[in-house]
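Please find my notes on the model below.

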Amino acid sequence: MDSLLTEIDHVAIAVHDLEAAISWYRDVFGATVEHREVVESDGVDEALLRVADSFIQLLTPTRDDSPVAKYLERRGEGLHHVGYRVADCAVALDAVKASGGRVIDDAPRPGSRGTIVAFVHPKTSFGTLIELVQDPRVV
Ligand code: CO
């Protein structure tokens with residue numbers, strides 16, 4: 001069968017100082033921000049920097065009790081999750097559940113920039129938090 005994963009949508013990196021991280025990517029690599037968004041439900045401020053057909057997603061918490069704030073406290077800055085692009089988030093999520101895997105989101109929900117997303121628990125996906133990303137603008 002064809003893979004349900006069609007592209008690396010983004011690699012998400014948790015940082016303490018979003019502006020400093022954006023400046024570093026700009027000054028060193030010439031990478032520029034294509035999208036900025038505060039996702040209040042997740043307690044994150046994010047910047048997306050395009051790399052070919054994918055993004056680097058720099059994340060910083062907007063409040064102390066957000067999951068990203070807790071992550072930074074426990075693990076420090078670094079790789080937070082990998083977003084895999086999928087054609088249909090519900091189908092990919094069902095595949096995880098059907099295999100007996102643990103999920104964080106029981107059903108697809110709105111993500112940033114108009115996407116539909118669901119997270120898979122890292123205990124299931126070999127230690128890496130995975131986000132399944134359906135982008136309605138990308139077919
Ligand atoms: Co993400």
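1. The site of the cobalt ion is irregular, with angles of 84 to 172 degrees among its four donor atoms. For reference, the ideal angle for four tetrahedral donors is 109.5 degrees.

2. The model is predicted: local features need pLDDT of at least 70, side-chain atom pairs count only at pLDDT 80 or more, and totals for chains, interfaces and linings use all residues. Residues are numbered from 1 along each chain as its sequence is written, and side-chain values use heavy atoms, with hydrogens and water left out.

3. The protein donors of the cobalt ion are His 10 (NE2), Gln 57 (OE1), His 81 (NE2) and Glu 131 (OE), at 1.9 to 2.7 Å from it. Donors are N, O and S atoms within 2.8 Å of the metal (3.2 Å for Na, K and Ca); water is not among the atoms, so the site may look incomplete. The spacing of the donor residues in sequence is H-x46-Q-x23-H-x49-E. His 81 in strand β5 and Glu 131 in strand β8 (residues 130–134) are 50 residues apart, and the pair links distant parts of the chain.

4. His 81 counts as buried because its relative accessibility is 3%, and Glu 131 counts as buried at 8%. Buried means under 20% relative accessible area, exposed over 50%, and partly exposed in between (1.4 Å probe, protein chains only).

5. Which residues of helix α2 (residues 67–75) are buried? They are Val 68, Ala 69, Tyr 71 and Leu 72. These residues are on the same side of α2 because they cover an arc of only 160 degrees around the axis, the arc being that of the directions from the helix axis to the C-beta atoms. On the other side of α2, Pro 67, Glu 73 and Arg 74 are exposed. The buried residues pack against β1 (5–14), β3 (44–51), β4 (54–61) and β5 (78–86), where contact means heavy atoms within 4.5 Å. Gly 76, which follows α2, has a positive phi near 80 degrees.

6. The protein has three helices and eight strands, in the order β-α-β-β-β-α-β-α-β-β-β along the sequence. Helices (H or I, at least four residues) and strands (E, at least two) are DSSP runs, numbered from the N terminus. Buried residues make up 43% of the 139 residues.

How values were computed. Four donors count as tetrahedral if all angles lie between 85 and 135 degrees; four count as square planar and six as octahedral if opposite donors are over 155 degrees apart and all others between 65 and 115; anything else is irregular.
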